[in-house]
Amino acid sequence: FALEHAGQRIVTRAEQDRIDAEPDTALAMAESVLADPAAVAILEGCMSEVTLSWTHATGELVRSRLDALKIATPTIGEIKTTRSIEIEAYARESERRLYHVQSGMYARGVEAVTGEWPTVYSIVVENVRPYDVAVYAVADADLVEGWRIAEGWIQRVAEAKRTNRWPGVSGGAVVPFARPAWAATGPDVDMSGIEEEA
């Protein structure tokens, strides 16, 4: 398909649906990324939408789809969208979405294919006006930790396939549960100032 449509922009159906729903937003975001000197410097010379396939030590086939990859000096550029590129806000979102795990797996995949550990950047663009852009260099320590987590998941899948036992979240055990501290109410919680709804 890619060969038949060389030079054309290829998107998934879901991506096209989002573009159709908000064409001005998608274009504005793309224009902002392409107007940012740091983002352009990273993306220049990159291949886009690159699929890496490699075999893990367990024998599992691992596939990753990278937004942008430069082979000559191994560099990964990951495009991320968010409501706010402010570093604290984006850090919370990145942690919640486990982006370091994704990026760590991508980095390990590039190393497996090229023999070199890449530099990884998150090119983050706001999906609301003013569609501001920030480029964050992902720390190697975070990539290594992310790969450690991803590798643990790969090993669990390989073991589950080997034993035909898929333990799920609790692993087949009883897990203690207590309401989180933030949900607790009681005599120590100051409820003054909370108005009763009519």
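1. Lys70 is found in strand E2; helices (H or I, at least four residues) and strands (E, at least two) are DSSP runs, numbered from the N terminus. The model is a predicted one, in which local features need pLDDT of at least 70 and side-chain atom pairs count only at pLDDT 80 or more, while totals for chains, interfaces and linings use all residues. Residues are numbered from 1 along each chain as its sequence is written, and side-chain values use heavy atoms, with hydrogens and water left out.

2. Lys70 counts as buried because its relative accessibility is 17%; buried means under 20% relative accessible area, exposed over 50% and partly exposed in between, with a 1.4 Å probe and protein chains only. Its side chain reaches the backbone oxygen of Glu44 at 3.0 Å. This is a polar contact, that is, a pair of N or O atoms within 3.5 Å; within protein, one must be able to donate a hydrogen and the other to accept it, and residues adjacent in sequence count only if both atoms are side-chain atoms. Leaving aside neighbours within four places in sequence, Lys70 is in contact (heavy atoms within 4.5 Å) with Ala41, Ile42, Glu44, Gly45, Cys46 and Thr75.

3. Thr75 lies in strand E3, residues 75–82. With a relative accessibility of 9%, Thr75 counts as buried. A polar atom of the Thr75 side chain lies 2.6 Å from the backbone oxygen of Thr73. Beyond its neighbours within four places in sequence, Thr75 is in contact with Ile42, Ala68, Leu69, Lys70, Pro118, Thr119 and Tyr121.

4. Thr82 is also found in strand E3, and it is buried at a relative accessible area of 3%. The side chain of Thr82 reaches the backbone oxygen of Ser84 at 3.4 Å. Its contacts, neighbours within four places in sequence aside, are Tyr90, Glu93, Val124, Val125, Glu126 and Asn127.

5. The axes of helix H5 (residues 99–114) and helix H6 (residues 140–163) come within 7 Å and cross at roughly 90 degrees. H5 is therefore roughly perpendicular to H6. Axes are lines fitted to C-alpha atoms, for helices over the stretch in contact, and angles run from 0 to 180 degrees between N-to-C directions; those under 35 degrees count as roughly parallel, over 145 as roughly antiparallel, 65 to 115 as roughly perpendicular and the rest as oblique. Residues making this contact include His100, Ser103 and Met105 of H5 and Leu143, Gly146 and Trp153 of H6.

6. Ser103, in helix H5, counts as buried at 2% relative accessibility. Its C-alpha atom is separated by 7.0 Å from that of Gly146, 43 residues apart along the chain. Apart from neighbours within four places in sequence, Ser103 is in contact with Val120 and Leu143.

7. H6 has 24 residues and reaches 34 Å from its first C-alpha to its last, close to the 34 Å expected at 1.5 Å a residue; the expected span is 1.5 Å times one less than the number of residues. The buried residues of H6 are Leu143, Gly146, Trp147, Ala150, Ile154, Ala158 and Ala160. They pack against strand E1 (47–55), strand E2 (61–70), H5 and strand E4 (119–126). Just after H6, Asn164 takes a positive phi of about 55 degrees.
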